[in-house]
Amino acid sequence: ASVWSKVETGPPDAILGIAQAFRECQDGRKVNVCVGAYRDTQGKPWVLPTVRAAERKLLENDDPKDYLPIEGDAGFIAEAVKFAYGQNVDLSTVAAVQTLSGTGACRIGGEFLAQFRENKNIYIPTPTWGNHWKIFKECGLETHPYRYYDRSTNRLDLNGFIEDLEAAPEGSIILLHACAHNPTGCDPTLDQWKRIADALERKGHVAFFDSAYQGFASGDAERDASAFRYIADRKTIPVLLAQSFAKNFGLYGERCGTLSMICSDEEERQRLLSQLRCVIRPMYSSPPRHGSSIVKTVLSDSQLAPQYYEECATMANRIQAMRELLVKTLAEVGSTHDWSHVSEQIGMFAFTGMSEEMCDQLTKDYAIYLTRDGRISIAGLNDSNIRYVAEAIHAVTD
Ligand code: PLP
């Protein structure tokens, strides 16, 4: 027998498993509203013109393929931190490393915290991006849920959220979605963030922001950064930030991101950076350079940068338009349900409130592929399929 005969089949990834089923489906009506990747008006992936322009520049300049340092490309990191915290950020007090997109950023931050925090409790919103649970558990942190979303009202459960922050042991780590909370699309308002910050401060908690949609949520990268900028500006709450350039630059497969930590001074920054390098080195030595070279080229170019911001807004605006059109079309096809939460939500996804049974029926009877929590990727909708999807949703929710 093979030495591997006792290895059992592992569970498929919930989301990637659905994507696979979609590819295999032969039904001509099939619609993919599962994936978290942007699609244009024709349902096609879109490489941003500024990304292509940057790639051409890299080729023309004969950009080398050498190894990057362990912590990544300093020029990219500086642009990324300015993108997050604003042009006037004091880079000498931010310890930042390049990561394998947002997932890698969460992992590096989690590994660091597991090593250096005595209190290893991390609180994660319910619901959340499913990978959060696995990433932080793998890091050796103790994962706990906090209340975030009230399914009975389809709105934020602010009181439950604050109560759970207050009940967590002092100095816990709190995972926060920077904007466009996945999967609910429901973010706190700035006033609500103030109350959340008060609770974090009272309890000496650490804020760990996961920012996977900056610019992609509202179309305005400054506005989408307001929650973590506000909390960092208070200077009383330790802040970590995981940044992904997958969605806002459409660089999904390039695996480009950062993990940054706000420090009290340059000396602390150097110490933290040295430890972040120690986390990275045995994992993958150094990050890939293509994606970060693109982001650096775009953001540091006086012509490409403003053009990039427009392209990012184009994606956000199309999604917002589809969100409103979905709600309007649901009414047109006869749904009398209150779908107002869907137009109030923000980002790539609509959290519809449909039950698992309804989702299963959508897939079985209509070849519409979505996650069983009722989340649909608005980016998968376009003028050609939106009426079909609305009719199907109406049929299963009536
Ligand atoms: N965090 C959240 C909340 C996400 O939704 C995602 C992607 O769907 C990620 C992190 C990580 O994505 P990536 O590793 O592709 O940057």
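The ligand is surrounded by 13 residues, the closest being Ser 101, Gly 102, Thr 103, Ala 212 and Ser 244. Helix H4, residues 101-116, supplies the largest share of this shell, with three residues.

The model is predicted. Its scores are ipTM 0.99 and pTM 0.96. Over the chain the pLDDT averages 97, and 100% of the residues score at least 70.

An open sheet is formed by seven strands in the order S2-S10-S9-S8-S7-S3-S4, with mixed pairing. Its edges are S2 and S4, each of which pairs on one side only. On average, neighbouring strands of the sheet are turned by 20 degrees against each other, direction ignored. Helix H9 packs on this sheet and touches S8, S9 and S10; the direction of H9 makes about 155 degrees with that of S9.

Strands of the sheet, with their residue ranges:

| Strand | Residues |
|---|---|
| S2 | 94-99 |
| S4 | 142-147 |
| S8 | 206-211 |
| S9 | 239-244 |
| S10 | 257-262 |

The pairing between S2 and S10 is antiparallel and runs over six bridges. Ala 96 stands opposite Ser 260 in S10.

Helix H12 covers residues 304-332. Its 29 residues, at 1.5 Å a residue, should span 42 Å, and the end C-alpha atoms are 41 Å apart, so the two values agree. After H12 comes Gly 334, which has a positive phi, near 110 degrees.

Methods
Residues are numbered from 1 along each chain as its sequence is written. This is a predicted model: local features need pLDDT of at least 70, side-chain atom pairs count only at pLDDT 80 or more; totals for chains, interfaces and linings use all residues. A residue is near a molecule or strand if its C-beta atom, placed from the backbone, lies within 6 Å of it. Helices (H or I, at least four residues) and strands (E, at least two) are DSSP runs, numbered from the N terminus. pLDDT is the predictor's confidence in each residue, from 0 to 100. The expected span of a helix is 1.5 Å times one less than its number of residues. Two strands pair if DSSP finds at least two bridges between them. Axes are lines fitted to C-alpha atoms, for helices over the stretch in contact, and angles run from 0 to 180 degrees between N-to-C directions. Two residues are in contact if their C-beta atoms, placed from the backbone, lie within 7 Å.
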